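Have the sequence and the structure open as you read.

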Amino acid sequence: MPDTSPRSRVDWQRWLPGLATLLHYQPAWLVKDIAAGLVLTSLLVPVGIAYAQASGVPGIYGLYATIVPLLAYALFGPSRILVLGPDSALAAPILAVVVQYAASDPQRAIAIASLMALVAGAFCVITGLLRLGFITELLSKPIRYGYMNGIALTVLISQLPKLWGISFDSQGPLRDLWQLAQALLAGHGHWPSFAVGAGSLVLILSLKPFKRLPGILIAVVLATLAVSLFDLDQRGVKVLGELPQGLPSLTLPWVSDIDLVEVILGGIAVALVSFADTSVLSRSYAARLKSPVNPNQEMFGLGVANLASGLFQGIPISSSASRTPVAEAAGARTQLTGVIGALAVTVLLLTAPSLMHDLPSSALAAVVIAAALSLFEFADLRRIFRMQQWEFWLSCTCFVGVAVFGAIPGIGIAVVISVIEFLWDGWRPHYAVLGRVDGTRGYHDVKRYPQARRIPGLVLLRWDAPLFFANAEQFQSTVLAAVDDSPTPVQRLVIAAEPVTSIDITSADMLGELDRALEARGVELQFAEMKDPVKDKMKRFELFERIGERAFHPTVGAAVDAYLEDTGVDWRP
């Protein structure tokens, strides 16, 4: 018999939050969701086409990547308000792989992009099922800023040739910028295209402060009307042309003669960027709407949406920081808003694919450039520079890595820098020899409190980091130096171990060697405030028995009292 227990019902509602919302749907929401979905459609179409072209695939596939993921996320996504689709932040990593292997073949381009969507989707689904939604937090804020600034610059540079009506094969951000400069100096820029694109860009940026005005839609409609009324396509302005009529078909993407490792790495890079953006946006709206969202379920929903996009001729997708606010401002209440938007785009493709025939490519480039400009982060970097310069320079290093080497190597550089940053903090952590300060409770760093009184024959040392392979040798040399520098002959050394959250085999072996070295000097090694899980590891590493249970004290004060009692030293706190 099927399990109908409350636990079973909770489980399926967790994995199918869209159905759970439908069961509790209020009739008063319907009109608002439909209206918001129709308003949202006016933005879904131009940005879907623009971001697809920025990713190196024909614009129609951006619409496919809008329809299918919105429907999938409405069922599996936990957020009621989030709008998914092609995104400017993903354009650079997708383009980096597509340009390398597509050879200007649109069918190969979409197959590669769809394959990346499958990789990104599988990565997100597996990560969500394993409850590893926290992994995007492993990139520090300065490094995320550096990476996103590099992505923004890469996307912006990739669109500048289209803004000028110039075409050439991409060779990387800086080389593309040099090629563009040479083409413009040679007089190859197409001024009518630039006028349409630059005008669209100025209009989008000018209307951006007015949240209720659909600036992108207004700019795109005016640009399309200008082309149509003044026959600008006859003067060389490139236009979108007629979109294929119909809907995407279920297709398993595959391309021969490509480096699958690079496609997989590109898909994982896309997944990390996508979930980092989605988690931040989701948490922001969850706090605003007082509707908490599980990050693991968010990653699972995002993964299913990417899988659906890849299987139906779409490209990798993410949440949108531009379309989601539009849905909210239009009165969206549930995921039905996205469903209405997807259905409206579907109707457009089935009944009026020629409606966007005169949409100029330079105006679409302006849409992407406007989005790329919003990705740049400078204000908070100025604050970081003022507070901690080395993290600012880490951000700059990551930015240069993306700008010089491209988006895929750039995220590898970002991950490596993050690991180095983490190891550096643990490799050379803060430590302190402790003493007693009159009138102040507890024991404190004698460097910060030179007047602190130290107990004769006792060294209290606090180590402010986990003990692991990278800092084991440093810890040993620090302890021996503290013994050598003591103003009185040392009988006992106590490690204030509360900040030590873990040890590994290397550090456990080091502690055994240190205990023997100190014993040879006539010094006892003891610990205070060590956490039980760390003690458990010491027992597993056969170290606890060697040192002895009496060597472990619940507090530093208890360790001091035990020392005074054992040695008879005349000292009062």
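Buried here means under 20% relative accessible area, exposed means over 50%, and partly exposed is in between, using a 1.4 Å probe and protein chains only. Helices (H or I, at least four residues) and strands (E, at least two) are DSSP runs, numbered from the N terminus. Keep in mind that this is a predicted model, where local features need pLDDT of at least 70 and side-chain atom pairs count only at pLDDT 80 or more, while totals for chains, interfaces and linings use all residues. Residues are numbered from 1 along each chain as its sequence is written, and side-chain values use heavy atoms, with hydrogens and water left out.

**Helix α5**

Let's begin with α5, which is mostly covered: twelve of its 15 residues are buried. Among them are Pro93, Ile94, Leu95 and Tyr101. The helix covers residues 88-102 and reaches 20 Å from its first C-alpha to its last, close to the 21 Å expected; that expected span is 1.5 Å times one less than the number of residues. There's also a bend of about 30 degrees in α5 at isoleucine 94, taken as the angle between axes fitted to the seven residues ending there and the seven starting there.

**The sheet**

Now for the strands, which pair if DSSP finds at least two bridges between them. Six of them make an open sheet with mixed pairing, in the order β4-β3-β5-β6-β7-β8. At the edges sit β4 (443-445) and β8, each pairing on one side only.

How enclosed is β7 by the rest of the structure? Largely, because four of its five residues are buried. Strand β6 (residues 492-496) runs parallel to β7, and five bridges join the two. To get from β6 to β7 the chain passes through helix α20 (residues 505-520), in a right-handed β-α-β crossover. Right-handed means that, with the strands pointing away from the viewer, the path from the first strand over the helix to the second runs clockwise.

Across this pairing, leucine 493 stands opposite leucine 525, and arginine 492 stands opposite glutamate 524. Two bridges join β7 to β8, again running parallel, and here phenylalanine 527 stands opposite phenylalanine 552.

**Aromatic contacts**

Rings of Phe, Tyr and Trp (its six-membered ring) pair if their centres lie within 6.5 Å; planes under 30 degrees apart count as stacked, over 60 as edge-to-face and the rest as tilted. The count by this rule is 15 aromatic pairs. Two of these pairs look like this:

| Pair | Centre to centre | Angle between planes | Type |
|---|---|---|---|
| Tyrosine 25 and tryptophan 29 | 5.4 Å | 85 degrees | edge-to-face |
| Phenylalanine 527 and phenylalanine 552 | 5.4 Å | 15 degrees | stacked |

The phenylalanine pair links distant parts of the chain, with its members in β7 and β8, 25 residues apart. Phenylalanine 527 is buried at 2% relative accessibility, and phenylalanine 552 is buried at 11%. Tryptophan 29 is buried too, with a relative accessible area of 14%. Elsewhere, Trp164, Trp191 and Phe194 form one aromatic cluster.

Finally, a charge sits over a ring if NZ of Lys or CZ of Arg is within 6 Å of the ring centre and within 35 degrees of the ring normal. Lysine 539 does this with phenylalanine 544, 5.0 Å from the ring centre, and arginine 540 lies over the face of phenylalanine 541 at 5.7 Å.
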